[in-house]
Amino acid sequence: MEILTSAEMAAADRRTVELGVPVSQLMENAGGAVARFCLRQYGAAERVVVLCGKGNNGGDGMVAARVLAEAGVGVEVLLLGRADEVKGDAVAALAQLRAEGASVMVREVMDEAVLRRVWGGEIGGRSRSLQDDKAKGQATTNTEGQATAQDDKAKGQATAGVDLILDAVVGTGFKPPLRGVAAAMRELVAKANAPVVAVDLPSGWDADSMGQEAVGAFRADAVVTFTRPKLAHVFGHMTGATFGPVVVAEIGTPDEVVDSVCSDPTHRDGTAMNGAPSSDSPRLWWAGTAKAIAEAPRDVNANKGKYGHVLVVGGSYGTAGAPSMASLAALRTGAGLVTAAVPKSVLALVAGVAPELMLASLREGAEGAVSLENLSQGGLEELIKQKRISVVAVGPGLSTKGEASEFAREFVARVKLPMVIDADGLNAFDGKAELLNGAGRVMVLTPHPGEMARLAGMTVAEVEKDRVGLARKFATERKVTLVLKGWRTLVAHPDGRVAVNTTGNPAMAKGGSGDILTGICAAMLAQFADAGKADDVARAVEAAVFLHGLAGDFAALKMDEHTVLATDTVACLSDAFRYRVKDEDGLTWICGMRERTA
């Protein structure tokens, strides 16, 4: 799934209309999707307040208000402005709401003083009965300056006992900051007890932002956006909770329209910061799309030979756990066979991780680290031929002591099989990154920011300043697939494409998580990219990263995030494989867990 800029989204909307799909239909589909999401995720909500701006985002909110009311939910709309100021297709949405939303009250809010009187300072708390809301008889539009005494009496109750707030003030086309009554509304919503569902994105959040947070934006507990995610949806942490939903609804924009817009560089924002697509750079993708490769059932006539043989090379005295975890993860991810090649002194420890794991003993030198003798005739390369190894993972627990780093560099240069390089396998190239050359082969690097800094000869702060730009540059220059871990782990490919991962959580900030990812990557390559085709490699690695984070999410939901171990993530891989990112209503969950009902 493509990640769009606001300019690309606007162009897609225009081309959709040119093909004969009216904006009113897109608005109806968008508002309906928001309403369905609310009904499923907040099914107990009896009273909803919808905050609407005067543009199309407000129109989406008006449609959602009407659909919710039709489902029997008590709904009130706060329109930020006068009804005669509503623009575009939102005019028709408001008219239809008035005509068909018999139980919906629409209140016009023109300034901050009016807002505070209408708001009443009582958002949240216990819901009123639905009958009280419906007793109003018909939809009314109150202009605050002309309100009756009875309306004045009701003002303090207009938003009391609300169970849910919909934020439909401004959407993708808005550029911050919020001003006037919208800014005042933001402050009131921030203090409210009711959950907030953002329509398209939290009002005040720049759709082209790649920051984790957005000062000055509305708070949100869930976000429903449309057609494709925008930059802010994948890079921003839009919801207060770790697993707050961010979902994408299909609203009728044809795929071929998105394809044509994405291939047209004139819609790129050349001024976007931090590696965002520019007029001459390949685009960004959502990594979760690749998970589909792991969802097809296996051939009933399958055998272990069809799913590859992974060799994990690593370990040293004192670090037997790293190759053990990588091997266990490769087994659990579905590799047909897994062999761990580790120094003789830790062989027995690694053997205990799983009876299904095969082992090979490596010669060791100083301080229990692997020796260069393993590359002599009859050594590791001969083992690879005999066992018909299909993918190699090198680095977990290898250490940098003795000859270990020299061994790693020589091993990478001599063995041309698809290879995942991590941990001390990467540290072996500190100051020697020019030796990493993936041309004509499959080479996957999985550095965390510290390892990336050493490879690139810069500081961690410099790495974090432009993660997308650096990952893309390194991957294209070195012809490797680069998995840059961190907030929104990136998968950069040799052709310049970059996928953004949106799974994972703070519980995974534990030793061993990287080793688990290495094993998952190796196993996915063994199963789904054995021919080494670029697209297959890309999907296999993106799916591996997504599954790793997703398994960590399941582990964190089952346990307290402080107590999750890396091996708990392995135990949850089955949950991750079974999970589907698209729910019963056709919404794609790019963030959050759809089993997690709010």
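In this predicted model, ten strands make up an open sheet of mixed pairing, in the order E9-E18-E17-E16-E15-E14-E13-E10-E11-E12. From one strand to the next, the twist averages 20 degrees.

Helix H13 (residues 380-387) touches strand E10 (309-313), strand E11 (337-343) and E12, and its direction makes about 160 degrees with that of E10. Helix H18 (residues 467-478) also packs on the sheet, where it touches E9, strand E15 (443-445), strand E16 (481-484), strand E17 (490-492) and E18. The direction of H18 makes about 30 degrees with that of E17.

The account now turns to contacts between helices. Two packed helices are described by the angle between their axes and the distance between the axes. For helix H2 (residues 23-41) and helix H3 (residues 56-70), the axes come within 7 Å and cross at roughly 55 degrees. H2 and H3 are therefore oblique to each other, and their crossing is right-handed. From H2, the contact draws on Val 23, Met 27, Glu 28, Ala 30, Gly 31, Gly 32, Val 34, Ala 35, Cys 38 and Leu 39. From H3, it draws on Asn 56, Gly 59, Asp 60, Val 63, Ala 64, Arg 66, Val 67 and Leu 68. Sorted by class, the contact of H2 with H3 has 11 nonpolar, 4 polar and 3 charged residues.

H3 also meets helix H4 (residues 90-100), with axes that come within 8 Å and cross at roughly 20 degrees. An angle under 35 degrees counts as roughly parallel, and H3 and H4 are therefore roughly parallel to each other. The crossing of H3 and H4 is left-handed. On the H3 side, the contact is made by Asn 56, Gly 59, Met 62, Val 63, Ala 65, Arg 66 and Glu 70; on the H4 side, by Ala 90, Ala 93, Leu 94, Gln 96, Leu 97 and Glu 100. This contact of H3 with H4 has 7 nonpolar, 3 polar and 3 charged residues. Asn 56, Gly 59, Val 63 and Arg 66 of H3 take part in the contact with H2 and also in the contact with H4.

A further pair consists of helix H1 (residues 6-18) and helix H10 (residues 255-262), which pack at an angle of about 135 degrees with their axes 9 Å apart. That angle makes H1 oblique to H10, and H1 passes H10 in a right-handed crossing. In this contact, Glu 8, Ala 11, Ala 12, Arg 15 and Thr 16 in H1 meet Val 257, Ser 260 and Val 261 in H10. The residues concerned divide into 4 nonpolar, 2 polar and 2 charged.

Two details of the backbone lie in loops. Most residues other than glycine have a negative phi, and most peptide bonds are trans. Pro 176 and Pro 177, however, are joined by a cis peptide bond, with omega at about 10 degrees. Pro 177 belongs to the loop between strand E5 (164-168) and helix H8 (180-191). Asp 200 has a positive phi of about 80 degrees although it is not a glycine, and this residue is found in the loop between strand E6 (196-199) and strand E7 (222-226).

The protein chain has a mean pLDDT of 90, and 89% of its residues reach 70 or more. Over residues 121-158, however, pLDDT stays under 50, and for this stretch the model has 82 contacts beyond four places in sequence. Residues 269-279 likewise stay under 50 in pLDDT, and the model has 28 such contacts for them.

Note on methods:
Residues numbered from 1 in each chain as written. Predicted model: local features only at pLDDT ≥ 70, side-chain atom pairs only at ≥ 80, totals over all residues. Heavy atoms only, no water. pLDDT = per-residue confidence, 0-100. Contact = heavy atoms within 4.5 Å. Axes fitted to C-alpha atoms, helices over the stretch in contact; angles between N-to-C directions. Helix = DSSP H or I, 4+ residues; strand = E, 2+ residues; numbered from the N terminus. Parallel < 35°, antiparallel > 145°, perpendicular 65-115°, else oblique. Left-handed = near helix turned anticlockwise from the far one by under 90°. Nonpolar A, V, L, I, M, F, W, Y, C, P; charged D, E, K, R; others polar. Pairing = 2+ DSSP bridges.
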